[in-house]
Amino acid sequence: MEKKSPRCRILSFTTSNEGDKRQWVSLEIQLHTSRFRISVSPSNFRNSPVRSEEFQKYFALLLSENDDHDDSFEETDEEEGDAPGRTALLDCFDWAVTPCLADFERLSPAPPPLETGQLTLSHFVVTASFECNLTAADEILAPGEIERVETDEDCWPSPSSGDAWTTSFPSFSPAEIAVICDDPEHPFDSNPTRVRIGQQHLYFKESSDPDDVVAKKEVETYERIASANLGAGVRTSRLYGVVRNERNQLIGLLLYPIEENTLLTFAVGPETPDALKDRWAQQIQDTLAALHRAGITWGDAKPDNVLIDVHGDAWIVDFGGGRTEGWVDSGKAGTVDGDLQALERILKFIASGGDDQMDYSEE
């Protein structure tokens, strides 16, 4: 979405299934410390054939994205990734969100500038959630009634001490974690990923909800990595600690930073020297073999989950499980066989110079 005032963070989208009688899309954004879900369906459009045609265009786009990915929208550098597809997604959100922004800003005004003190994760904790329908009358888009809904935190009671999820890693409250802003004038316009505790710089990975089983699974995998005492030559992301809210619910992971340069997806190209491709291929194979010897699986193995650091080394990241179509078959998700299948395809991807026309799923 274009940088404008106010600006918002794109969180996720969902759609009805292809062939459903009633078509709809649901878009979720965050503006300051509030989340907004916008439901869009041509059934709420009156005398607006142009808007209905626009909906069909964006519905087809989101439906195709759902076929290839999960329903989250991961922001990437504008110079990287599928620029046309990314631009189309941004256009879709802009089309639906812009008519609502004035009302959203009224409900979730920008926090006052920080005069003193350090910005912390507590400034980014969502305090309210709202939802509305996008309507159209005579080709004019406008939000319907905007209703406040329970936040995820409201829906989950504080766990009793006997039922609380536990981890061997240290836990921190959001107020203990300082946020490092790339754009101090607009600190709330992007995910707070660069943080620190004292002098320790870290990467913050936000959980999707207070009972995020994927995040908890990832923490458990990091516990096994820590217990395995893998050497520095085994290049994987490592966990420093977790962040919990006042209800003791998990809201994010704190990872040791990797001096990332790019993803393997974008690092490999036709001009990549063979020696560098061989280096990455060997490093990925060695790291994965070490994980398997320790009884640990990668899970969602794919080039997007391999970081290339500033020294040109390859790191395996993301241990939340799941799989991505084209890299791991559905029946092999979360298994050593699934990891090895993805590894073979990743090695073909590297050897081909990242040829996006090649079918890496061929055996």
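Modeller: The mean pLDDT of the protein chain, where pLDDT is the predictor's confidence in each residue from 0 to 100, is 86, and 83% of the residues reach 70 or more. This is a predicted model, in which local features need pLDDT of at least 70 and side-chain atom pairs count only at pLDDT 80 or more, while totals for chains, interfaces and linings use all residues. Residues are numbered from 1 along each chain as its sequence is written, and side-chain values use heavy atoms, leaving out hydrogens and water.

Confidence is highest in strand 15 (residues 314-316), at a mean of 98, and lowest in helix 4 (residues 152-155), at 51. Helices (H or I, at least four residues) and strands (E, at least two) are DSSP runs, numbered from the N terminus.

Gln 283 counts as buried because its relative accessibility is 10%; buried means under 20% relative accessible area, exposed over 50%, and partly exposed in between (1.4 Å probe, protein chains only). Leaving aside residues up to four places away in sequence, Gln 283 touches Arg 235, Gly 312, Asp 313 and Ala 314, where contact means heavy atoms within 4.5 Å. With Asp 313, the side chain of Gln 283 also forms a polar contact of 2.8 Å. A polar contact is a pair of N or O atoms within 3.5 Å; within protein, one must be able to donate a hydrogen and the other to accept it, and residues adjacent in sequence count only if both atoms are side-chain atoms.
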